[in-house]
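Hi everyone, thanks for making time for this. Have a look at it on the screen while I talk.

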Amino acid sequence: MACTAYIASPNMGSACSYGDIKPLSRSMKQVRLHSKSDTSSSSSSSPPRQDVVASVLATPISSSPSSSTCCPLKAATTTSALCPSWREIQGCANWEHLLEPLHPVLRREIVRYGEFVTACYLAFDLDPASKRYLNCKYGKRRLLEEVGMSDSGYEVTKYIYATTDVSIPMPNGAAPCCGRWIGYVAVASDDMARRLGRRDVVISFRGTVTSPEWIANFMSSLTPARLDPHNCREDVKVESGFLNLYTADEAASSKFGIKSCREQLLSEVSRLIKKHKGEEMSITLAGHSMGSSLALLLAYDISEIGLNKVTSKNDSIRDIPITVFSFGGPRVGNSAFKERCDELGIKVLRIANVNDPITKLPGMVFNEHFRVLGGKFEFPWSCSCYAHVGIELALDFFNVQNPSCVHDLETYLSLLKFPNKIQIEREAHLRIDDFIHKARDLLLSAQNLNMQLPAWRNVATNMVSFIPSQRT
């Protein structure tokens, strides 16, 4: 089932701002909350439903929602209250009754997983003089503490590295195809597991930073995923660049090179499932921009090869639920990929700004909206059209003076934390700004090198002007 919910803000001047929320009629199995486009949208004649939506969204994350019989989660108020209903938060019912309006408990959980992604950016080292250049600044035991998440209740168990087959010169003598830190795996502690009602495994991915990653993003041709050796499913296709980043390794260039991102992740997930055998578990993947694409590929991979199938105490086979929280993520595969993800029971909640161009790529023209004529007849090329997976929670924010906010993860999370706030505090961006400047300098350095591939030089030139608005 497709579902879209809008959290809206009018255009304002000095900073990203948040405005009123207004429901639209339901049709074609979609739920939409529509916003007006300017600051004059607020009106005393707003429908009563709007007041209800706005009042719930304006409730602080820690506040208790009013009780309701339509959804068991209506009574949940604290983390401990998630125990009997965590499956609904993870999307077992496609977030039915939780998006219109956005339930405070779900909103809090989205923010919580978003902060795991923010940790990737805060810990990524962009100092060329550092020994950890283009890798994580901290060791696994210190990571969450160093980024201000010491009370998260999770322990980092593994760092994940990724590389591409694209070979271009890197600034400061860095190896062009060397694996770069892309994210980490963390698992809930015993105390957190008791509070959540299950042992939660979190896998978090950052977005695009290095030049090879940018180039991989532009490798937009569809290619068969072929992740299950027993059933290749040639009709299931994904973007070649994302697949390359997920499956490429350093074995060809170095005897001691790292394994592929895929091998690292499947190995660690398998280890954790075996370690916590017999426990109630969940696998939650979160990523921003390119990172959300890797998260979805991993979710599909785990489900397709059956890694999440475990034996219960009564010898029955059950699936560990897999949920993806995607922040500003692009399309990943074609319609067959989407349908297969649905068949496998992968739950995806896409948090997307309607003004964010990344969420409309690839397939800006040939996508899920273009493949069917009149709702009845599919075009012959429909199998080659990109399609989004999952359910969309659409945010609506834009600032003429600061266009970069449209893809900024900090802005995404700030809107979810404070939906009724008129202006985002500038301090919320200070810790990310330095990172963005360094990322832009990295691209500039790569652009100035005499690249062997002229086509990639043009890509780098375009991305230098594009990077200020892409906080990925």
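This is a predicted model: local features need pLDDT of at least 70, side-chain atom pairs count only at pLDDT 80 or more; totals for chains, interfaces and linings use all residues.

Let's begin with helix α9, residues 290-304, and helix α10, residues 335-344: their axes are 10 Å apart, and the angle between them is about 55 degrees. That angle makes α9 oblique to α10. The handedness of the crossing is left-handed as α9 passes α10.

Which residues make the contact between α9 and α10? On the α9 side you have Leu 296, Tyr 300, Ser 303 and Glu 304, and across from them in α10 are Phe 337, Arg 340, Cys 341 and Leu 344. Sorted by class, that contact of α9 with α10 holds five nonpolar residues, one polar and two charged.

With 3.6 residues a turn in an α-helix, residues three or four places apart point the same way.

Staying with α9, how does its length look? For 15 residues at 1.5 Å a residue, α9 should span 21 Å, and the distance between its end C-alpha atoms is 21 Å, so the two agree. And is α9 enclosed or open? Since 15 of the 15 residues of α9 are buried, it is largely enclosed by the rest of the structure. Just after α9 you'll find Gly 306, which has a positive phi of about 75 degrees.

Now α9 has another partner, α8. The axes of α8 and α9 are 11 Å apart, and the helices pack at an angle of about 55 degrees. That makes α8 oblique to α9. This crossing, of α8 past α9, is right-handed. Arg 262, Leu 265, Leu 266 and Val 269 come from α8, and they touch Leu 298, Asp 301 and Ile 302 of α9. In this contact of α8 with α9 there are five nonpolar residues, no polar ones and two charged ones.

Let's follow α8 to its other neighbour on my list. Helix α7, residues 240-247, and helix α8, residues 261-275, have axes that come within 5 Å and cross at roughly 60 degrees. The two helices, α7 and α8, are therefore oblique to each other. From α7 the contact takes Leu 245, Tyr 246 and Thr 247, and from α8 it takes Cys 261, Arg 262, Leu 265 and Leu 266. By class, the contact of α7 with α8 has five nonpolar residues, one polar and one charged.

How many residues of α7 are buried? Seven of its eight, so α7 is mostly covered. Those buried residues are Ser 240, Gly 241, Phe 242, Leu 243, Asn 244, Leu 245 and Tyr 246. Their cover includes both helices and strands: α6, α8 and α9, along with β4, β7 and β8.

A quick word on α3, residues 104-123. Its 20 residues should span 28 Å at 1.5 Å a residue, and its end C-alpha atoms are 29 Å apart, which agrees. Helix α3 is mostly covered too, with 19 of its 20 residues buried.

Next, some backbone details. Most residues other than glycine have a negative phi, and most peptide bonds are trans. Against that background, the bond from Glu 100 to Pro 101 is cis, with omega near 0 degrees, and Pro 101 lies in the loop between α2 and α3. Leu 361 and Pro 362 are also joined by a cis peptide bond, with omega about -20 degrees; Pro 362 sits in the loop between β14 and β15.

Leu 134 has phi near 65 degrees and is in the loop between α3 and α4. Buried or exposed? His 97 is partly exposed, at a relative accessible area of 39%, whereas Leu 134 is buried, at 0% relative accessibility.

Finally, the whole chain. It has 13 helices and 18 strands, and 56% of its 472 residues count as buried. Among contacts with a separation of 6 or more, 71% are between residues 24 or more positions apart.

Technical notes: Residues are numbered from 1 along each chain as its sequence is written. Side-chain values use heavy atoms; hydrogens and water are left out. Axes are lines fitted to C-alpha atoms, for helices over the stretch in contact, and angles run from 0 to 180 degrees between N-to-C directions. Helices (H or I, at least four residues) and strands (E, at least two) are DSSP runs, numbered from the N terminus. Angles under 35 degrees count as roughly parallel, over 145 as roughly antiparallel, 65 to 115 as roughly perpendicular and the rest as oblique. A crossing is left-handed if the near helix is turned anticlockwise from the far one by less than a right angle, and right-handed if clockwise. Contact means heavy atoms within 4.5 Å. Ala, Val, Leu, Ile, Met, Phe, Trp, Tyr, Cys and Pro count as nonpolar, Asp, Glu, Lys and Arg as charged, and the others, Gly among them, as polar. The expected span of a helix is 1.5 Å times one less than its number of residues. Buried means under 20% relative accessible area, exposed over 50%, partly exposed in between (1.4 Å probe, protein chains only).
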